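Please keep the sequence and the structure at hand while reading.

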Amino acid sequence: MARRPIALVTAAVLLLEAPGIVAINAVMARFVKAQSMSLDGMDPDAMYAGTWALGIGSGALLVLCALVPLIAAIRDRRPARPGRILLVGCAVVHGVLGAVTVGLLGWGAFAFMMVVVGLIVLTLVAYGEQRGGDGAAQARPEPPEAVASA
């Protein structure tokens, strides 16, 4: 199966997306600072700092999300539970942002977001249940007939 290439492509896309998110937030922060924008009387400097913090935090989370499929590809094993939870959360956020981008940026941005969602889900499915890996997957209860006849 092509698990490793799928995971590597997913990691590469997420790693390339991280600086893009930081750059978008940097542009928004410049606009906020230049126009002295505020929400409901909030300090414009707080808005500027918050926009930068959101950009840096989002970029860091995308890098963290990219490390999960990268490590999975290197080890050729499915990610641990926290890694899978992180990837599911990343897919959900990309899905919601994809729905928002249709109205704001158009169908091209939506298509990109859905490709990222597809890559994340494909990585999770490709590294699904592995045969012989988990003890829980191997330990199956006996049928009731076998237990009753014993």
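Arginine 3 is buried, its relative accessible area being 17%, where buried means under 20% relative accessible area, exposed over 50%, and partly exposed in between (1.4 Å probe, protein chains only). The model is a predicted one, in which local features need pLDDT of at least 70 and side-chain atom pairs count only at pLDDT 80 or more, while totals for chains, interfaces and linings use all residues. Residues are numbered from 1 along each chain as its sequence is written, and side-chain values use heavy atoms, with hydrogens and water left out.

**Salt bridges**

- A search of the whole structure finds 3 salt bridges, each defined as a side-chain nitrogen of Lys or Arg within 4 Å of a carboxyl oxygen of Asp or Glu.
- Aspartate 76 forms one of them with arginine 3, with 3.2 Å between the closest N and O atoms; this pair links aspartate 76, in the loop between H2 and H3, to arginine 3 in helix H1, 73 residues apart. Helices here are DSSP runs (H or I, at least four residues), numbered from the N terminus.
- Aspartate 76 also meets arginine 4 in a salt bridge (3.8 Å, N to O), and arginine 4 lies in helix H1, 72 residues from aspartate 76.
- Aspartate 76 counts as partly exposed at 27% relative accessibility, and arginine 4 counts as partly exposed at 40%.
- The side chains of aspartate 45 and lysine 33 form a salt bridge (4.0 Å, N to O), which joins helix H2, holding aspartate 45, to helix H1, holding lysine 33, across 12 residues.
- Both partners are partly exposed, aspartate 45 at 46% relative accessibility and lysine 33 at 47%.
- Through shared partners, salt bridges join Arg3, Arg4 and Asp76 into one network.

**Packing of H1 and H2**

- H1 and H2 pack at an angle of about 175 degrees with their axes 8 Å apart, the axes being lines fitted to C-alpha atoms over the stretch in contact and the angles running from 0 to 180 degrees between N-to-C directions.
- The two helices, H1 and H2, are therefore roughly antiparallel, a term that applies to angles over 145 degrees.

**Nonpolar core**

- The largest nonpolar core has 11 residues, among them Leu14, Ala18, Leu62 and Ile120; such a core is a set of buried Ala, Val, Leu, Ile, Met, Phe, Trp, Tyr and Cys residues joined through side-chain atoms within 4.5 Å.
- Helices H1 (3–35), H2 (44–75), H3 (81–104) and H4 (107–126) each supply at least two residues of this core, and the largest share, 4 residues, comes from H2.

Terms used
Parallel < 35°, antiparallel > 145°, perpendicular 65-115°, else oblique.
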